[in-house]
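Work through the exercises below with the sequence and the model side by side. Each task is followed by a solution in steps.

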Amino acid sequence: MSGSERINGDGTETGRDMTGFRKSGSLVPTRRAALRLIGAGALAAGGINAALAAAENDEVLTEAKVLRDPDVPVAGDPDGNITIVEWSDYNCPYCRKLEPELRQVIQDDGKVRLVMKDWPILGPVSVTAARMALAARFQDKYHQAHEAMMGVSSRLTEPRINELLAGAGVDMDRLKRDLAEHAKNIDAVLKRNNEQAEAFGFRGTPSFIVGKYRVPGVLSMTEFEQVIADARKAKMN
């Protein structure tokens, strides 16, 4: 299967924290055990749930937090028979390039649930963008904010973010209030997203889990369609 592999990992990773600074170290033992189980075939036997079960003491790697975190936005069919989890950064040019193509694949398929995990690894402005998008969710404008920031071709700045969100219909006064009032919740979401991405061995954006498969990078529309088809087939086994 081009461009993807079954979820695996060697237990170590060099990544970035939520502020964008690089860090290195080992994954905690429960995560390392979970990744070994996935590589050993537990995933094929019982789906992603079987692998996540090995990390029951690790809150960020539970099925609920990876696949059904209530604080993480969802697009596509909320009851879809295949889930795609996407980790992305608003300043990532590859994420921007992929965005319309992935959305077209999801629309054409009609039965895909897309979990949208903000993973701001490209610097402080990326963190600002992610926090503002998540704050816009409290006025049901996350998707408008997401599309506005993903739809530009130049690197974002804080003034440009404000301009884009206002143009997308976001109430900026309320956004500021929600940023302050829900700061702890927003930062906790970003922390979970970051820890999950590192636990699955991702090194950059965009990165995906498609059903039972790990997709650490950009695919074409045709390749995404194939991964989705393979994921459905694997789900039947």
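A nonpolar core is a set of buried Ala, Val, Leu, Ile, Met, Phe, Trp, Tyr and Cys residues joined through side-chain atoms within 4.5 Å. Buried means under 20% relative accessible area, exposed over 50%, partly exposed in between (1.4 Å probe, protein chains only). This is a predicted model: local features need pLDDT of at least 70, side-chain atom pairs count only at pLDDT 80 or more, and totals for chains, interfaces and linings use all residues. Residues are numbered from 1 along each chain as its sequence is written, and side-chain values use heavy atoms, without hydrogens and water.

**Exercise 1. The core**

Find which residues touch the most other members of the largest nonpolar core.

Solution. 
- Step 1. The core holds 61 residues; M149, L165, L175 and V210 touch the most other members.
- Step 2. Helix 5 (residues 124-136) is its top contributor, giving the most with seven residues. Helices (H or I, at least four residues) and strands (E, at least two) are DSSP runs, numbered from the N terminus.
- Step 3. Take L165. Contact means heavy atoms within 4.5 Å. Leaving aside neighbours within four places in sequence, L165 is in contact with M132, A145, M149, V170, M172 and L175.
- Step 4. A general point: in soluble globular proteins, nonpolar side chains tend to be buried together.

**Exercise 2. Helix 6**

List the buried residues of helix 6, then state what covers them.

Solution. 
- Step 1. Helix 6 spans residues 142-150; its buried residues are Y142, A145, H146, A148, M149 and M150.
- Step 2. Their cover includes strand 5 (82-88), helix 4 (93-109), strand 6 (112-118), helix 5 and helix 7 (158-167).

**Exercise 3. Aromatic pairs**

Classify the pairs F200 with F202 and F208 with F224.

Solution. 
- Step 1. Rings of Phe, Tyr and Trp (its six-membered ring) pair if their centres lie within 6.5 Å; planes under 30 degrees apart count as stacked, over 60 as edge-to-face and the rest as tilted.
- Step 2. F200 is buried, at 2% relative accessibility. F202 is buried too, at 1%.
- Step 3. F208 and F224 are edge-to-face: 5.0 Å centre to centre, 85° between the planes.
- Step 4. F208 lies in strand 7 (residues 207-210) and F224 in helix 10 (residues 221-236), so the pair ties together parts 16 residues apart in sequence. Both F208 and F224 are buried.
- Step 5. W87, F200 and F202 form one aromatic cluster.
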